[in-house]
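Open the model in your viewer and keep the selection tool ready.

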Amino acid sequence: MTAVDPRLSINQATIKYADLATALRVTAEAGVQGVGLWREPVNEVGLDVAARMLADSGLRFTTHCRGGFFTLPAGPERVAALDDNRRAIEETATLAAAGAEGSTAILVLVAGGLPEGSRDLIGARERVRDAIGELSTDAAAAGVTLAIEPLHPMFGSDRCVVSTLGQALDIAADFDPTVVGATVDTFHIWWDPQVLDQVARAGREGRIATYQVCDWKTPLPADVLLSRHYPGDGVIDFASLTRAVVATGYDRDIEVEIFNADIWAEDPAEVVRRTAESFGAAISPHLG
C-alpha cells in the first residue's frame with residue numbers, strides 16, 4: 001500500500017453518513033493524519049464528548065464547517081444567525097485545542113444566498129461584510145480564523161453571494177489576516193480566469209486559511225451541490241492551482257471535501273482509501 005500523504009486531511013463531508021466515531025476511526029485507521037469536522041455530527045454527540053473523541057483519535061483538526069449564512073436584513077433571524085456563528089466560533093476553538101499538534105482553529109464561512117424575494121446582490125454582499133465585522137471580535141478573542149469561502153457562481157442565488165476569491169479577499173481586507181482569511185477550494189474557483197493572480201494575492205496578504213480540493217466533471221447532476229468528485233476524476237488542473245498555493249508558502253494540511261451521493265453511499269473506509277489514493281496521484285506530486 002502506498003504511503004498516505006502526511007498533509008492530507010479528510011473533510012467529514014466526504015463520508016457524510018458516517019457518524020463522528022466512525023469518521024474519526026476510518027480516517028485514523030487509513031493512516032490519514034488530519035480531519036475537518038462538520039457542526040451537525042459534532043452537535044449530535046455534544047461538544048465536550050466530540051472534543052474527547054477527537055483527542056483520543058490522535059488526528060489533527062483542520063477546519064470546522066460551517067458558519068455563515070448571514071445575508072439576511074436586520075431583524076431577529078439575522079440576530080439568531082450571528083449568535084449561531086458565535087457558537088460555531090466556540091466549537092472551533094474547543095476542537096482545535098483538542099486535536100493533535102498542528103491543529104488549526106479555522107471556521108469555514110459560507111456567506112449565504114439572496115434573501116427570499118430579494119434581487120439586491122450588492123446589498124447582500126455588504127451584509128456579509130457587516131456580519132464578519134460583528135463576528136471578528138469574537139473570533140479574535142477565541143483565536144479562531146474566519147475563512148470566507150467563495151462558491152461557484154451557480155450557487156449565488158441560494159447559497160453564497162461571494163463567488164470569486166478576489167471578492168472574498170476584498171471583504172477580508174478590512175480585518176487582520178489572523179482573524180479573517182479565505183478558503184481556497186478548487187471546485188469553486190478553478191474556472192476563474194484571475195484565479196492564479198488571486199491565489200498569489202491571497203498569499204501576499206496572508207489570507208489562505210485552508211486549501212480544499214476535489215474535482216469537477218460534467219454533466220452535473222440535478223442537484224448541483226452533489227457534483228464533486230475525487231481529485232483526478234474530472235477536468236481541474238490541480239498542478240497549476242496546487243503549485244500556486246504552495247508558492248505562497250502555504251505548508252499546512254489540505255482537505256479533500258466531496259459532496260457526491262454515489263460516494264456517500266459507499267463504505268466510508270473505502271472512500272477514505274480512495275481519497276488518499278487520488279490525493280497521492282493528483283495533489284502530492286505538486287507539493288514539493
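Which backbone oxygen does the side chain of Ser278 reach? Select Ser278 and look: the side chain reaches the backbone oxygen of Thr275, at 3.0 Å. Before moving on, note that this is a predicted model, where local features need pLDDT of at least 70, side-chain atom pairs count only at pLDDT 80 or more, and totals for chains, interfaces and linings use all residues. Residues are numbered from 1 along each chain as its sequence is written, and side-chain values use heavy atoms, leaving out hydrogens and water.

Stay on Ser278. This residue lies in helix H11, residues 268-282 (a helix is a DSSP run of H or I, at least four residues, numbered from the N terminus). Ser278 is buried, with a relative accessible area of 9% (buried means under 20%, with a 1.4 Å probe and protein chains only). Now show Tyr230, Pro231 and Ile283. Ser278 is in contact with these residues, leaving aside neighbours within four places in sequence (contact means heavy atoms within 4.5 Å).

Next, the cysteines. The structure holds 0 disulfides (pairs of cysteine sulfur atoms within 2.5 Å). Select Cys160: the nearest cysteine sulfur, that of Cys65, is 13 Å away. Then select Cys214. Its sulfur is 12 Å from the closest cysteine sulfur, in Cys65, too far for a bond. Cys160 is buried, at 0% relative accessible area; Cys214 is buried, at 0%.

Last, color helix H8 (residues 195-204) and helix H9 (residues 238-247). Where do they meet? Val195, Leu196 and Val199 in H8 meet Ser240, Leu241, Ala244 and Val245 in H9.

Methods
Helix = DSSP H or I, 4+ residues; strand = E, 2+ residues; numbered from the N terminus. Buried < 20%, exposed > 50% of the residue type's maximum accessible area, 1.4 Å probe, protein only. Polar contact = N/O pair within 3.5 Å; in protein donor to acceptor, adjacent residues only side chain to side chain. Axes fitted to C-alpha atoms, helices over the stretch in contact; angles between N-to-C directions.
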